[in-house]
Amino acid sequence: MTTTPAVDARELPVTVSFTRRADPAHTREMTAWIRAGLTMAESFPGFLGAGWVRPRGGSDEWHMLCRFTDQAALEAWEASAERAWWLRSAEGLAEVTRTERRTGIEGWFDEPAATEVVSPAGPAAPPRWKQATTIWLVFYPLNLLATVTLGVWLDGLPVALRVAVVTLTLTPLMTYLLLPWITRRLQWWLAGRSWRDR
């Protein structure tokens, strides 16, 4: 009786499938972006091939596939500065909806040795500087208004009590009224879209 030695899944070829969502109005930009990324990946050691499928009709989902000799080769590509630049260049153009890694070419030829599916919980958070700018846009005028109104009324109170009254007044206004309002109006900018695509 012959036994087949166990194969470490990290040493098997690995295929990564990406699904990204993009506005159908930006088909040319999306096509150029995908081709640039796949061309870049071709120069990495262990790259075995790639492909992509354009959405049909009015669909906004694009499917890409990359294959590497093993998990280490894939990880080198994923950790590369080139790939990071490529991904950043799609901010505001494409949104990741699903990433799946498999050993072998399951679903086509052989049985999977390992499968990993990653689905992002929601859209990526805007850069911190944009979040800070958005908060400041409502915090500054609200704080100014509080200083010239509440500040006059609370002038005789100790500093700690004045700050407590002001923060207890401003925090709910910021949290429940002004921040949701400004965020809705600046959503296009926070998401990295242009003014015309808002």
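**Rings and helices**

Modeller: Trp33, Phe44, Trp77 and Trp86 form one aromatic cluster. This is a predicted model: local features need pLDDT of at least 70, side-chain atom pairs count only at pLDDT 80 or more, and totals for chains, interfaces and linings use all residues. Residues are numbered from 1 along each chain as its sequence is written, and side-chain values use heavy atoms, with hydrogens and water left out.

Biologist: Why is the pair of Phe44 and Trp77 called edge-to-face?

Modeller: Rings of Phe, Tyr and Trp (its six-membered ring) pair if their centres lie within 6.5 Å; planes under 30 degrees apart count as stacked, over 60 as edge-to-face and the rest as tilted. Phe44 and Trp77 have 5.0 Å centre to centre and 70 degrees between the planes, so the pair is edge-to-face.

Biologist: What makes the pair of Trp77 and Trp86 tilted?

Modeller: Its planes are 40 degrees apart, with 6.4 Å centre to centre.

Biologist: Why is α1 called roughly antiparallel to α3?

Modeller: The axes of α1 (residues 27-42) and α3 (residues 81-88) cross at roughly 175 degrees and come within 10 Å. Angles over 145 count as roughly antiparallel, under 35 as roughly parallel, 65 to 115 as roughly perpendicular and the rest as oblique. So α1 is roughly antiparallel to α3.

How values were computed: Axes fitted to C-alpha atoms, helices over the stretch in contact; angles between N-to-C directions. Helix = DSSP H or I, 4+ residues; strand = E, 2+ residues; numbered from the N terminus.
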